[in-house]
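Work through the exercises below with the sequence and the 3D structure at hand. Try each task before reading its solution.

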Amino acid sequence: MALETWLIKVKTAISSKFDVVRSSSSPAPAHPNKSSPAMKKSSNVGVLAFEIAGLMSKLIHLWQLLSDKNMIRLRNDSISLDGVRKIISNDEAFLLALACAEIVENIRLLAKSVARISKRCDDVNHWNFDQCFRDFADSGRDPHGWVLSSKDMEAKNKKMDRYVTVTAALYREIDELSVMEGGLRKLALQMSQNDAVSMSNSSISSKLEEKITDLQQKILWQRQEVKYLKERSLWSRSFDTVTSVLVRSIFTILARTKLVFGLGAHYPPCSLPRSLSASATVHPSDHHQSPSNLDTCSHFVSGPLMKRDDDDEPNNKKISTVNTGFFESNSKLLKPPPSTTLGAAGLALHYANLIIVMEKMIKSPQLVGVDARDDLYSMLPNSVRSSLRSRLRGVGFSASDPVLAGEWREALGRILAWLSPLAHNMIKWQNERSFEQQNLVPKTNVLLLQTLFFANKEKTEAAITELLVGLNYIWRFEREMTAKALFECHINNNLNGLLDNNTLKTSSSPSSS
């Protein structure tokens, strides 16, 4: 009887253990990136810290770009550049719409990276960041309260800046550690080769051993420094921690963008108490019929676009935020009209380089050789070559008028004064978006509207042709003046030589009595 009771207890215990195993092996709620325990990822960001630091740098830069000071500069300086007004547009509302569209596009690209990181979080709310962000952009809904006040955003910026600084230091120290470890491997290889070749040369071996010992100690210290920086930087922070900072920052930046450009009143009215004077608000109120026009994004975004379409078209193309989303409507603004702009023709960067080359030649035409002149001509597209040939047809070969050369210099200086800034801005804009620089914070606030991207192709080519005609004249003038100076110098030298010879002959001949 006692044995039977004991067996019943053992059976009960075993069955309860099986129940526990079955319950523990039952599937948990699915994570977007964790479909099985084997796929579970580390909670810390690890090596992704460097990519996240780049995102934080760009968010800080965007927030600073939207400051009152920079918005005033955009309104008073950037869109008022002579070059912008001459070959891009005189419509202030359209230019401001371009600036806004580019900022919104940068926000959208950053949001894509944040969405990818948010999929690794444990917080369920972060999994749906992408959809929440689009809903906020389209309708202004912020159910999670991710839009921060100005004061909180400034605090977040300081926090992100500290993270970026420490993570950048970590990157440098890891790179230095890698160099040290590579040096140690080379010394170890030299040591083994020396031992194999020359067993008797103990002095070389002792020096190598000393170097290896010294380097091993430095590597030990370097590893301690790397460990310390990993603990302080983004490396040791969880995905939830960094995503929380990124999500709140990008929501607030989009709300700030809508505020300063007047893109509707869907942002929370009390969330951004940052003082914004009338001069810092960049949307042009005089281009709108009433303040009610600011209630939707379409009034500001689509209005100037109608000026780019032909008036005789029955249905002018409009961007409507009713049928398309907020980001889609802004992205359409950044697509230049076909066949009329350098960006659509794919010539913006090429013309920028061409203008910069001509600028250098105009500054020092006497240093331009025939080969450089031929290289410049080879850079010209067929349309500019044809225009240049028609302008130079009938022009004489002589270029010896100093007055005309001075007039050409003044004319070229006036053209370069408004055209050259756009060309240099084009190079800066392109360099900052190159593959090598894409993870670094932009060093300038150059916008696409300040470059040649939206420049009218016909007007730009006319200006380039004028530069080429003027350059041709002052180049030939400098060559003729140089040749004339050399010729006169040669004549003077010959005359001096003849005079010296006559003097010698006179002095050496016997005097007549």
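**Exercise 1.** Describe how helix 14 packs against helix 15.

*Solution.* 
Step 1. Locate the helices: helix 15 covers residues 370–378, and helix 14 covers residues 348–363. Helices (H or I, at least four residues) and strands (E, at least two) are DSSP runs, numbered from the N terminus. The model is a predicted one, in which local features need pLDDT of at least 70 and side-chain atom pairs count only at pLDDT 80 or more, while totals for chains, interfaces and linings use all residues. Residues are numbered from 1 along each chain as its sequence is written, and side-chain values use heavy atoms, with hydrogens and water left out.

Step 2. Take the geometry. The axes of helix 14 and helix 15 are 11 Å apart, and the packing angle is about 155°. Axes here are lines fitted to C-alpha atoms, for helices over the stretch in contact, and angles run from 0 to 180 degrees between N-to-C directions.

Step 3. Classify the angle. Helix 14 is therefore roughly antiparallel to helix 15. The classes are roughly parallel for angles under 35 degrees, roughly antiparallel over 145, roughly perpendicular from 65 to 115, and oblique for the rest.

Step 4. Helix 14 passes helix 15 in a left-handed crossing. A crossing is left-handed if the near helix is turned anticlockwise from the far one by less than a right angle, and right-handed if clockwise.

Step 5. List the residues in contact (heavy atoms within 4.5 Å). Helix 14 contributes Leu-354, Val-357, Met-358 and Met-361, and helix 15 contributes Ala-372, Arg-373 and Leu-376.

Step 6. Sort them by class. The contact of helix 14 with helix 15 has 6 nonpolar, no polar and 1 charged residues. Ala, Val, Leu, Ile, Met, Phe, Trp, Tyr, Cys and Pro count as nonpolar, Asp, Glu, Lys and Arg as charged, and the others, Gly among them, as polar.

**Exercise 2.** Repeat the analysis for helix 14 and helix 17.

*Solution.* 
Step 1. Helix 17 covers residues 402–432; helix 14 packs against helix 17 at about 135°, with the axes 8 Å apart.

Step 2. Helix 14 is therefore oblique to helix 17.

Step 3. The crossing of helix 14 past helix 17 is left-handed.

Step 4. On the helix 14 side, the residues in contact include Ala-348, Ile-355 and Glu-359; on the helix 17 side, they include Leu-412, Ala-423 and Gln-430. By class, the residues of the contact of helix 14 with helix 17 are 12 nonpolar, 4 polar and 1 charged.

**Exercise 3.** What partner does Glu-359 have in a salt bridge?

*Solution.* 
Step 1. Apply the rule: a salt bridge is a side-chain nitrogen of Lys or Arg within 4 Å of a carboxyl oxygen of Asp or Glu.

Step 2. The partner is Lys-363, at 3.9 Å, N to O.

Step 3. Glu-359 and Lys-363 are 4 residues apart in helix 14, about one turn of the helix.

Step 4. Check accessibility. Glu-359 is buried, with a relative accessible area of 12%, whereas Lys-363 counts as exposed at 63%. Buried means under 20% relative accessible area, exposed over 50%, and partly exposed in between (1.4 Å probe, protein chains only).
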